[in-house]
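Work through the exercises below with the sequence and structure open. Each task is followed by a solution in steps.

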Amino acid sequence: MGTISLEHSDRLYWLGRYTERFFTTIKALSKQFDKMIGTAHSYNDYLDCFGLPDTYMDNKDFIRSLLFDENNAHSAAYSLERAYDNGIVLREEISTDSLSFLQMAKDTLTKAGKIDNVRLALLPLEDIIYSFWGSINEHIFDDEIRNIIYIGKTLERLDLYIRMKYPFDIVEKEFVRLCKNLNRVPKGTPYRYSTKHLSVLVEILGSEEDYKREADRAVDSLGHLFETEEVFV
Amino acid sequence: MTQQTQFTKAVGNASEINELLRRYGVKFGIYKNGVFNEQFFPFDPIPRVISAEDFQSIEKGLVQRVNALNEFLFDIYHEKKIVRDGIIPEDFIYISKGYLAECEGITPKNKVYSHISGIDLVQAKDGEWYILEDNLRIPSGASYPLIARDLTRIAAPQAFEENPIIDNRGYAELLKETMEHVNCGGARAILTPGRYNAAYFEHSYLAEHTGSVLVQNDELFVEDNILYHRTYSGGKTRIGVLYRRIADEYLDPLTFLPESLIGIPNLMEAYRSGNVGIINAPGNGVADDKGIYYFVPKMIKYYLGEEPILKNAPTYLPFYEEDMKYVMEHLDTLVIKDVAEAGGYGVVFGSDLTKEKLEEFRKTIIAEPRRFIAQEVIDFLDLPILENGETVMRKADLRAFVLSGETTKVWASGLTRFSRNPDSFVVNSSQGGGFKDTWVLSR
């Protein structure tokens, strides 16, 4: 097709980010659910990762809100809705088939909300999102389009992994993945990285010690990665 | 057993296909009390079946009609011979909201005005097909039977093995050819008002399947009378043909409504200069005005020298004294249509009105005779639909799609819409109607 508007490039990026946010959230909550078995009110470690206050009555309230409450901006349901909102205006780029997986995820999440064994009900959602990414890979021929989605995906994953204090070797791999995607971005386009912030990330994520000490600064630099740099004459 | 009854059992169950349609996001938008909602378009798995013989006659009739309408549009925006020769009173041209003085003298590429025509037909109980209305501006609906056929073939492949059904899945290719026929050099684009438009699914689906760029107005600009798409890298791509899905009056704020926020400034200048094809041509509304509908059979004779193959529903124009007299005498049995309305709105069945309302309406017609047309209520053929596992009969119409490119072609399919209300003739999706597949048989 060869012509992408600014609006669509933005949508592609956020499609990648929200789909990944949904995916990582359901996986993290599934693990959290396991940790909470037999322990009352045991989800503060999860909330701390995101600096969120504890406004939940109990474990059940926490898990249901973070999974199914579309009005909770930190929930899986909220992220999926936003992914769908972005995807629906990208049909001709991502294909009806790819979009159908997001619709399927929405339907499956709604059904999961009505089932007692939440963890079991979430399993098909992981399958659906893997299929979505397979479909994206299959249907998008334009490398630039695919790369913008992947930048959103890898940046979101790295951001979440750092916040959730994932082990260094996993974070390092995701950073390498992000750098590969960033290198494919043509100059003069919105997803061309800021050298300054990329350098900060290289510095922090270059060693396990720095990662442990300066994770917050890494998250901050990720948030500014696409800022236009000032040019001094 | 009628042919329709014979096919009643031929396809799979409703829930399977509706589940698939849901999965593929086959929706339409609707505003209720100012709030936008997306709804799934209910699909009925019992197809409407059109025999090869019937289709042959419909096809000829539709090609004839659309060719005459295209001639009419050229004439109206140029010499207006049909007015001068007294075939159509000039009142019907200049009072029509669809007539745009700004289009005077413009000749679209290859003289095609209505590239995609949506012609609504009904079949009467005696088997005769009648034209209900012509839609020559931005007729929608082709994407629904297109995707439904794809999904029905998954849900019930045996139906397509056992029956000689013409494959309708070439619509996108047909549309692409039609777009290319008026491409003035550049990419193909479909202009949508955005996600919150009732037909957004269709816009995006057709963009995907024709390989066109789906655009909104703020992504487009005109420079030196050429239309461009602004790319994310700061560059520009020339657009050679624009299939716009927004109404004429919003297309270009410098030519039409200045308050339009969804138009493209100077688009009409680029079009007038022959640098971009616009599908359908601006100004087509004059030809699908409900008042002009009455004159289409006369147009066919005037421009083509042929007898109309397809009939109009018997129609009266209160504008004419004789017709006004008839309408006043038979108001309680006629259906009255407000020519300015569309989408099933502004349609009143005299039989539904109380005595007081009837009198009130009578006065409105006398006061504004040009605003209404009156038609005999055609006792149209009911079609079977499945409702809660039972087969029930409902009113249905057919929107046929006629594409005018190098030649005029009728898509061997169409959108069959039905009323879900047993007492209603109104089939529009915006008013709760559903749709079904339309099988055109090859033999």
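**Exercise 1.** How many Å separate the centres of domain 1 of chain B and domain 2 of chain B, taken over C-alpha atoms? Then describe the contact of these domains.

Solution. The model is a predicted one.
- Step 1: take the bounds from the domain assignment, which gives 3-307 + 379-440 for domain 1 of chain B and 314-376 for domain 2 of chain B.
- Step 2: taken over C-alpha atoms, the centres of the two domains are 27 Å apart.
- Step 3: to the contact, domain 1 of chain B brings 12 residues and domain 2 of chain B brings 10 residues.
- Step 4: on the domain 1 side, the most is given by helix H11 (residues 290-293) of chain B, with three residues.
- Step 5: sorted by class, that side of domain 1 of chain B has four nonpolar, four polar and four charged residues.

**Exercise 2.** Are H6(A) and helix H7 (residues 118-139) of chain A roughly parallel or roughly antiparallel?

Solution. 
- Step 1: the axes of H6(A) and H7(A) come within 8 Å and cross at roughly 175°.
- Step 2: angles over 145 degrees count as roughly antiparallel, so H6(A) is roughly antiparallel to H7(A).
- Step 3: among the residues that meet are Phe101(A), Leu102(A) and Leu109(A) in H6(A), and Leu122(A), Ile129(A) and Phe132(A) in H7(A).
- Step 4: the contact of these helices has 15 nonpolar, five polar and two charged residues.

**Exercise 3.** Which element gives the most to the side of chain B that touches chain A?

Solution. 
- Step 1: the contact pairs 21 residues of chain B with 21 residues of chain A.
- Step 2: at least two residues of the chain B side come from each of helix H9 (200-210), strand E7 (213-215) and strand E9 (226-230) of chain B.
- Step 3: H9(B) gives the most, with four residues.
- Step 4: by class, the chain B side has eight nonpolar, eight polar and five charged residues.

Key:
Residues are numbered from 1 along each chain as its sequence is written. Chains are lettered from A and ligands numbered from 1 in the order in which they are written. This is a predicted model: local features need pLDDT of at least 70, side-chain atom pairs count only at pLDDT 80 or more; totals for chains, interfaces and linings use all residues. Domain bounds come from an automatic or database domain assignment. Two residues are in contact if their C-beta atoms, placed from the backbone, lie within 7 Å. Ala, Val, Leu, Ile, Met, Phe, Trp, Tyr, Cys and Pro count as nonpolar, Asp, Glu, Lys and Arg as charged, and the others, Gly among them, as polar. Axes are lines fitted to C-alpha atoms, for helices over the stretch in contact, and angles run from 0 to 180 degrees between N-to-C directions. Angles under 35 degrees count as roughly parallel, over 145 as roughly antiparallel, 65 to 115 as roughly perpendicular and the rest as oblique.
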